[in-house]
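Here is a short briefing on the structure shown below.

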Amino acid sequence: MAFHHKHVQALPPVEIDGWQLKPYHVTRAADRPLTADLVAAAYETATKMLPERDEEAPAGWLVLHEGKGALYLCVYAWVWGNVVHARTAAAGEPYLGCPDDDPTHWVVNSTPYVGCVWELPTMEHERRAWVRHLLAPDTPDLSGYLADRLPDGPIGD
């Protein structure tokens, strides 16, 4: 399998079940964004993937990733102030237990996958952003964290 870049688009934060999440959409082509019905189904599935809230800032990010014939969803939430809680789901991927090829029919994975080469660059960025805005300053800046997003463009290096 030859490696190829995909395209990432960072969208404005969304609130899902009281969590402020920074959405990243990874697509096969920059000029083909994901449709609203696919995004809505994925975000609805994200409600089942978030942990219970603790006393820390309820924030994190999600990656909605277009594969070849399937979609993947990674939901990452900061817990305990410095730990990432991760859950993944898939739609249309038989290998991950999806019963059909419907891209809006999501199955939350029980396998402890964290992400793939196109999803993990978001984790690198988000760790740095969390330290920069929440852990390093004398006064944590959640708004600054939520505004600090990976730039749009090629992803996967």
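Glutamate 126 and lysine 22 form a salt bridge, with their closest N and O atoms 2.8 Å apart. The model is predicted. A search of the whole structure finds three salt bridges.

**Salt bridges**
- Glutamate 126 sits in helix α2 (residues 120-135) and lysine 22 in strand β3, so this pair ties together parts 104 residues apart in sequence.
- Glutamate 126 and lysine 22 are both buried.
- Arginine 32 meets glutamate 66 in a salt bridge at 3.9 Å, N to O.
- Arginine 32 is in the loop between β3 and α1, and glutamate 66 is in strand β4, so the pair ties together parts 34 residues apart in sequence.
- Arginine 32 is partly exposed at 43% relative accessibility, whereas glutamate 66 is buried at 15%.
- Aspartate 148 and arginine 132 meet in a salt bridge at 2.8 Å, N to O.
- Aspartate 148 lies in the loop between α3 (142-147) and β8 (153-155), and arginine 132 in helix α2, 16 residues apart.
- Aspartate 148 is buried, with a relative accessible area of 14%; arginine 132 is partly exposed, at 43%.

**Cysteines**
- The disulfide count is zero.
- For cysteine 74, the nearest cysteine sulfur is that of cysteine 116, 6.9 Å away.
- Cysteine 74 is buried, with a relative accessible area of 2%.
- For cysteine 98, the nearest cysteine sulfur is that of cysteine 74, 13 Å away.
- Cysteine 98 is buried as well, with a relative accessible area of 8%.

**Helix α1**
- Buried residues of helix α1 (residues 36-46) include Leu38, Val39, Ala42 and Tyr43.
- Their cover includes strands β3 (19-27), β4 (59-66) and β5 (71-79).

Technical notes: Residues are numbered from 1 along each chain as its sequence is written. This is a predicted model: local features need pLDDT of at least 70, side-chain atom pairs count only at pLDDT 80 or more; totals for chains, interfaces and linings use all residues. Side-chain values use heavy atoms; hydrogens and water are left out. A disulfide is a pair of cysteine sulfur atoms within 2.5 Å. Buried means under 20% relative accessible area, exposed over 50%, partly exposed in between (1.4 Å probe, protein chains only). Helices (H or I, at least four residues) and strands (E, at least two) are DSSP runs, numbered from the N terminus. Contact means heavy atoms within 4.5 Å. A salt bridge is a side-chain nitrogen of Lys or Arg within 4 Å of a carboxyl oxygen of Asp or Glu.
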